[in-house]
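Dear colleague,

Here is the structure I promised to pass on to you. Please have it open while you read the notes below.

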Amino acid sequence: MNKAEHYFDWAATSPADEGILREALEKTLENWGNPSSVHQIGKNARNLLEEARNNVCKVLGVKSDSVYFTSGGTESDQIVLLSMLNKLQKGTILVSSIEHPAIREQAAALKKTGWNIVSIPADKYGIITPDAVEQLLTDDTMLVCVMAVNNETGSIQPVYQIADLITEKYKGKRKPKFHVDCVQAAGKIPLNLNYSGIDSAALSAHKICGPRGIGILYMKDVQEAFLRGGGQEKGIRSGTENVFGALAFSKCLEKYFILNETSKTYPEFTKQKTVTENFVKNLSELKGCTIVPEGRLEAPDNFSPYVVQAAFDKIPGNVMLRALDAKGFCISTGSACSTKKANRPVLEAMHVPANIRETAVRFSFGPITTEESIEELFEEIRNINSTFNK
């Protein structure tokens, strides 16, 4: 794996696990056929693809027929949203106010077709509470979207409690589908996709050391896809399959995914929690620094240890980014998918004051981030902050 000790933008993308990618590439160079072809070369490629799928299902702890390979997290999210266009009658879709643009922007497009898109408000901690969801559920609600981990603040959403709420509320009636964007959760926090009440979920390989251009859509039950084509992936995602990506993603999940406390990767998760809590505490003691949200200090377990947001008084976010970049440290001011936009929808949804939004930056970590590198990051932040806040 390439050296990335001063790279702190893992929420945008991760350095590739070279060993995994090279192995996957070698296998696909040997088995280069189209998996849909019926001759032996095609069958060899199909076997590799299904080997990857079976491995993914085993790691995730889900049924063998519930995993579909896509081009990434965005497409996985959008397949679920666009499936609503197959409904004979339009209804309501609940979308959390802190969603990634992959869901937020697609939901806005559906609104133009006549769907009632309702935003679920977040509390000041950036959490979508079950109560907030319950207040908005109606008889015509057909889909609820709440992400597992927010990509800007790291807030862990109570998706299991929300799943329970929806299941209980609609007992004996048609239940709306519950979709969870797990792009920032897979490989970062314990994640149980097989939980009752979770109908679908999106994952992306390049967030956990895999290649770009490959994602996974988990669907407990088959939904009718809106986009059609050659019928690959059981008609859910047509297009010639990315065998290399599927193989690499399956191996990355095998190496980095955290299912529960018995997973081999769980000790790294607990270690990162301690390291990140110390980092957050040290930041909070700097003059003019505000942790976003401030409640993270009192409830660290409600946040992923791999994403931290903080604002520095008198230092615009892009200034802090450039100052750290000049020293060889990579961070971001928010979602990489929204870097060209001045507004910060997630922070606005949390009612974060404008001056904090303008000075907020994101630090994000990964499995090869060391405690020493985070200490070096903090020292550089302290130096820059002291220049502006004398």
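Is the crossing of helix 3 and helix 4 left-handed or right-handed? The crossing of these two helices is right-handed, where right-handed means that the near helix is turned clockwise from the far one by less than a right angle, and left-handed that it is turned anticlockwise.

Before the details, please keep in mind that this is a predicted model, in which local features need pLDDT of at least 70 and side-chain atom pairs count only at pLDDT 80 or more, while totals for chains, interfaces and linings use all residues. Residues are numbered from 1 along each chain as its sequence is written, and side-chain values use heavy atoms, with hydrogens and water left out.

The helix pairs

Helix 3 (residues 73-82) and helix 4 (residues 101-111) pack with their axes 9 Å apart and at an angle of about 30°; helices here are DSSP runs of H or I with at least four residues, and strands are runs of E with at least two, numbered from the N terminus. Axes are lines fitted to C-alpha atoms, for helices over the stretch in contact, and angles run from 0 to 180 degrees between N-to-C directions. The angle therefore makes helix 3 roughly parallel to helix 4 (under 35 degrees; over 145 is roughly antiparallel, 65 to 115 roughly perpendicular, and the rest oblique). In the contact (heavy atoms within 4.5 Å), Thr74, Asp77, Gln78, Leu81 and Leu82 of helix 3 meet Ala102, Ile103, Gln106, Ala107 and Leu110 of helix 4.

Helix 1 (residues 18-30) and helix 7 (residues 243-256) cross at roughly 145°, and their axes come within 9 Å; this crossing, too, is right-handed. Among the residues that meet there are Leu21 and Leu25 in helix 1 and Phe244 and Leu247 in helix 7.

Seven strands form an open sheet of mixed pairing, in the order 1-7-6-5-4-2-3, where two strands pair if DSSP finds at least two bridges between them. Strand 1 (67-70) and strand 3 (116-120) are the edge strands, each pairing on one side only.

Strand 2 (residues 92-96) runs parallel to strand 4 (residues 141-145) and is joined to it by four bridges, with isoleucine 93 having leucine 143 as its bridge partner. Strand 2 also pairs with strand 3 in the parallel sense, over five bridges, and here threonine 92 has asparagine 116 as its partner. Between strand 2 and strand 3 the chain passes through helix 4, and this β-α-β crossover is right-handed (with the strands pointing away from the viewer, the path from the first strand over the helix to the second runs clockwise).
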